[in-house]
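Welcome! Take a moment to look over the structure below, then follow along on a short tour of some of its parts.

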Amino acid sequence: MRFIGIDIGSEKHAIAVVDENGAVVTKPVMCAENAEGYRQLVDLAGPAEDALVAMEATGHYWQNLFAALVAAGHRVALLNPSRTHRFAAEDLRRGKTDAVDALSIARFAAQKRPAVTPLADETTLEIRELVRFRDRLVQDFGDRTRQLHRLVDLGFPEFTKFVKDLGSEPATSILHEYPTAAAFLNVSKWRLARLKAGRYKVGDELAADLLAAAKVSVGAHHGEAYRVQVRMICEDLDTLRKRIREFDERIEKTLSKHEVGKLLTMIDGIGPNTAARLIAELQDPARFRDAAALASYVGVVPATRHSGKRAPLRAGITGYGNARLRKALWMPTLSAVRRNPWLKAYYDGLVARGKLPKVALVASMRKLLHAVYFVAKNRKAFVPRVEGIA
């Protein structure tokens, strides 16, 4: 049995091969990130029948190589970089090069025998791309909103007293036309009241409040430079808002073609975006050994830390696991403990027994993951039993 370690790079990959005892079979060699380099790498890997390839899931650089190796018949295990880093630290390794890393990964595979990672189907890959690009759009939307806050705090700080959310359609509609307090000074109440702000008009009451605030605003002295910035940012926010909605529709449409993803939306509290994120991060939840293993991967497990005289009464959750998925599941869990009768009964029962609300929420998130695992494992809709849960 041969174990092949590959250190992934943006332009070149390092490959090393060891046997079952960790002895070097092939010294580290650099292969380019192109078709010729892939052919060289497959040749160095040798016959696929008695080999296990291991590589870290570094950024996006591993994806093409992973697909090429699987197509060549190789079994490939994607590794969490934190595991390989800890393994390397056991030998008190002082140097770090691509060649050394490749050899360390190969020896890790020889000792730990990591599980083979299945190749995701086309629909799953499409969902992952859509979800992650939507995340970038949401991040851009947040960045632009924070920039707008700065400008409004300077040019018309009283505005947020009347329009709380600067990222909303009413806010960007009004500010695009009247970016600063000075822009409101010669505007009639009738004209402002009839300005369309999102689905509705500004209205007489809000128009009167804004005009009165603009007259005495401490930011009324700011001029054209602020107006230009506010208008451009409002246009950016309107565009990003439309794109996010478009991607929500694309995600929902693509999810309807995914067997497990479609079933996940039948669990109360899990909408299309949450179901899509579960598929994007987990591929098929049924690939885990059991529901407990899935919860451990996400990181919804306690991390007890007792040492010497230090014995805290409560244990927080582990710092390991998929933090991106934990974050994405927090709001759906909050929704589910209110709307989902099965999970609400479980949550209320924990609180009634003296658990802190946040502790009960984390436990509910774990319970929700059990439902996700059930759906993926059985390929059928989740039917909860409410009686006796609390």
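A residue is called buried when its relative accessible area is under 20%, exposed when that area is over 50%, and partly exposed in between. Please keep in mind throughout that this is a predicted model.

You will find arginine 113 in the loop that runs between helix H4 (98-112) and helix H5 (122-155). The side chain of arginine 113 reaches back to the backbone oxygen of alanine 110, at 2.9 Å. Apart from neighbours within four places in sequence, the residues in contact with arginine 113 are Phe3, Glu20 and Phe108. For a sense of scale, the C-alpha atom of arginine 113 is separated by 31 Å from that of glutamate 259, which is 146 residues apart from it along the chain.

Helix H4 also holds aspartate 101. Is aspartate 101 buried or exposed? Its relative accessible area is 8%, so it is buried. Setting aside neighbours within four places in sequence, aspartate 101 is in contact with Asp7, Arg93 and Lys96.

Histidine 85 belongs to helix H3 (residues 81-90). With a relative accessibility of 48%, histidine 85 counts as partly exposed.

Glutamate 281 sits in helix H12 (residues 272-282). At 9% relative accessibility, glutamate 281 counts as buried. Which residues is glutamate 281 in contact with, leaving aside its neighbours within four places in sequence? They are Arg132, Tyr297, Asn322, Arg324 and Leu325.

| Side chain | Partner side chain | Polar contact |
|---|---|---|
| Glutamate 281 | Asparagine 322 | 3.1 Å |
| Glutamate 281 | Arginine 324 | 3.0 Å |

Now let us turn to strand E2 (residues 12-18). Six of the seven residues of E2 are buried, so the strand is mostly covered. Strand E1 (residues 2-7) runs antiparallel to E2, and five bridges join them. Aspartate 7 has alanine 14 of E2 as its bridge partner. The chain passes from E1 to E2 by a hairpin of four residues.

E2 is also joined to strand E3 (residues 24-32), again in an antiparallel arrangement, through six bridges. Here valine 18 stands opposite valine 24 in E3. E2 and E3 form a hairpin too, with five residues between them. Within that turn, glycine 22 has a positive phi of about 85°.

In soluble globular proteins, nonpolar side chains tend to be buried together. In this model, the largest nonpolar core has 79 residues, and the members that touch the most others are Phe159 and Leu192. Helix H16 (residues 357-378) gives the most to this core, contributing eleven residues. There is also a second, separate core of 17 residues, with Cys31, Tyr38, Met55 and Val76 among them.

Which residues does leucine 192 touch, not counting those up to four places away in sequence? The list is Tyr178, Phe184, Val187, Val202, Ala207, Leu210 and Leu211.

**Helix H9, from one side to the other**

Our last stop is helix H9 (residues 204-215), which has twelve residues. From its first C-alpha to its last, H9 reaches 17 Å, close to the 16 Å expected at 1.5 Å a residue. Its buried residues are Ala207, Leu210, Leu211, Ala213 and Ala214. Looking down the axis of H9, these buried residues fall within an arc of 165°, so they line one face of the helix. The face of H9 turned away from its buried side carries the exposed residues Glu205 and Lys215. What covers the buried residues of H9? The cover includes helix H6 (159-162), helix H7 (169-177) and helix H8 (189-193).

Technical notes: Residues numbered from 1 in each chain as written. Predicted model: local features only at pLDDT ≥ 70, side-chain atom pairs only at ≥ 80, totals over all residues. Heavy atoms only, no water. Helix = DSSP H or I, 4+ residues; strand = E, 2+ residues; numbered from the N terminus. Contact = heavy atoms within 4.5 Å. Polar contact = N/O pair within 3.5 Å; in protein donor to acceptor, adjacent residues only side chain to side chain. Core = buried A, V, L, I, M, F, W, Y, C linked by side-chain atoms within 4.5 Å. Buried < 20%, exposed > 50% of the residue type's maximum accessible area, 1.4 Å probe, protein only. Expected span 1.5 Å × (residues − 1). Arc of directions from axis to C-beta. Pairing = 2+ DSSP bridges.
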